[in-house]
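Please find below a colleague's note on one protein chain, written for someone who has not looked at it before. The points can be read in order, with the structure open alongside.

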Amino acid sequence: MSTDSRTAAKTADAPPAARPDVPARVGAPVTVLLWGGGLLLLLASVAVAVTIGPARISVPDVWSTVAAHLGFGASDLSPIRDGIIWNLRMPRTLLAAVCGAGLAVCGTVMQSLLRNPLADPFVLGVSSGASTGAVVVVVLGVGGGAVSLSAGAFVGALLSFALVLLLSHTLGGSTDRVVLSGVAAMQLFSALTSFVVMTSADAEQTRGVLFWLLGSLSGVGWSEVALCSAVLAVCLVVCLAHARTLDAFAFGQDAAAALGVNVARTRIVLLCTTALLTAALVSAAGAIGFVGLVLPHAARALTGSGHRRLLPVTALAGVIFLVWVDTLARTVLDPQEVPVGVVTALIGVPAFVLVLYRTRSTS
């Protein structure tokens with residue numbers, strides 16, 4: 001056993017406060033306060049976000065409409081106002097919540113699994129592959145109209161991830177090879193997307209594709225919400241089941257193996273899980289960056305690095321963050337809509353620079 005492995009095995013048995021690289025655990029009262037306040041803020045955020053827009057709608061209107069559609073009583077709102085709430089704003093707000101939670105969880109897992117504080121859900125080239133798939137369907141008409149933009153994006157994302165797995169396995173399978181393979185796949189599919197758009201798309205198609213590539217939640221329906229929610233639930237369960245394993249990866253692959261972790265199997269399972277979740281979210285909402293890069297660091301500052309607490313708190317932070325970002329994106333320049341990815345980038349870039357400074361000071 002190497003020196004690092006023996007050191008990891010000793011520190012793994014020590015109490016958290018004695019570990020130099022793991023923040024002290026959050027006490028039970030603080031945890032209850034965080035969860036209670038977070039859940040209340042989540043419900044309030046969704047309810048208030050739905051009321052914001054050209055049509056005047058109150059929070060009681062939202063609750064009565066939701067209750068009526070769930071079979072609890074009847075709503076006295078007009079069909080138009082009921083449709084605005086239930087068919088337009090509610091699906092969009094809920095999909096924003098699901099995307100925020102999913103991207104934040106993927107970022108947390110990727111940063112721990114690859115031991116890279118700057119890793120995010122798109123490091124595996126999934127976003128670029130999804131973009132290529134969407135462009136091929138919309139611009140080239142592949143599928144003859146039977147294949148939707150979301151389906152094309154999902155297939156493209158999976159093909160990109162398969163290429164990353166193949167390259168990283170051929171090159172040795174280490175974490176740095178995974179990252180480099182993801183960068184190569186990202187550049188390849190980005191080039192393919194640009195080539196197709198430049199050679200085959202007209203002005204209207206180019207504008208539509210560009211808006212989607214920058215992240216858009218407009219026009220989504222309950223089917224996208226249901227699909228992405230189901231994928232998020234399954235992937236979140238898988239990630240939580242590997243919470244202790246992710247804690248072991250904090251000491252490195254050799255140390256994790258010495259602690260009894262099947263490194264190769266765990267890496268494949270978690271990489272496939274995050275890639276599947278990212279592919280589903282990107283296919284529904286386009287590429288929304290910086291959520292999975294920044295929010296895990298903010299959540300660690302509140303909960304420490306233990307993934308059993310970190311993953312749910314990160315998901316909750318992602319929900320609240322993206323709900324309000326989407327609300328800002330659709331109202332700040334009303335009636336014109338700003339792509340969600342543009343707003344997250346404007347907020348995320350300063351936070352990203354802060355992360356860079358923090359990693360430099362601790363290196």
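1. Basis of the note. This is a predicted model, in which local features need pLDDT of at least 70 and side-chain atom pairs count only at pLDDT 80 or more, while totals for chains, interfaces and linings use all residues. Residues are numbered from 1 along each chain as its sequence is written, and side-chain values use heavy atoms, with hydrogens and water left out.

2. Overall make-up. The chain has 15 helices and zero strands. Here helices (H or I, at least four residues) and strands (E, at least two) are DSSP runs, numbered from the N terminus. Of the 363 residues in the chain, 47% are buried; buried means under 20% relative accessible area, exposed over 50%, and partly exposed in between (1.4 Å probe, protein chains only).

3. Contacts along the chain. Among contacts with a separation of 6 or more, 76% are between residues 24 or more positions apart. Contact means heavy atoms within 4.5 Å.

4. The structure holds three salt bridges, each a side-chain nitrogen of Lys or Arg within 4 Å of a carboxyl oxygen of Asp or Glu. D326 forms one with R92, with the closest N and O atoms 2.8 Å apart. Because D326 lies in helix 14 and R92 in helix 4, this pair ties together parts that are 234 residues apart in sequence. D326 and R92 are both buried. R92 also forms a salt bridge with E337, again with closest N and O atoms 2.8 Å apart. E337 is in the loop between helix 14 and helix 15, 245 residues from R92, and the pair links distant parts of the chain. Through shared partners, the salt bridges join R92, D326 and E337 into one network. R92 has a relative accessible area of 9%, whereas E337 is partly exposed at 21%.

5. Salt bridges: R81 and D61. The side chains of R81 and D61 meet in a salt bridge at 3.5 Å, N to O. R81 lies in helix 4 and D61 in helix 3 (residues 59-69), so parts 20 residues apart in sequence are tied together. R81 is partly exposed, at 29% relative accessible area, while D61 counts as buried at 16%.

6. The nonpolar core. A nonpolar core is a set of buried Ala, Val, Leu, Ile, Met, Phe, Trp, Tyr and Cys residues joined through side-chain atoms within 4.5 Å. The largest one has 81 residues, of which L95 and L124 touch the most other members. Helix 4 (residues 79-113) gives the most to this core, with 17 residues. Apart from it lies another core of six residues, among them V135, V196, V197 and A201. Beyond its neighbours within four places in sequence, L95 is in contact with residues including L217, V220, V225 and A284.

7. Helix 13 (residues 291-303) has 13 residues and reaches 18 Å from its first C-alpha to its last, close to the 18 Å expected at 1.5 Å a residue; the expected span is 1.5 Å times one less than the number of residues. Just after helix 13, G304 takes a positive phi of about 90 degrees. H307 belongs to helix 14 (residues 307-331). Why does H307 count as buried? H307 counts as buried because its relative accessibility is 4%. Leaving aside neighbours within four places in sequence, its contacts include T108, S112, L240 and D247.

8. P339 is found in the loop between helix 14 and helix 15, and counts as buried at 11% relative accessibility. Helix 15 (residues 340-362) supplies the largest share of the patch, three residues.
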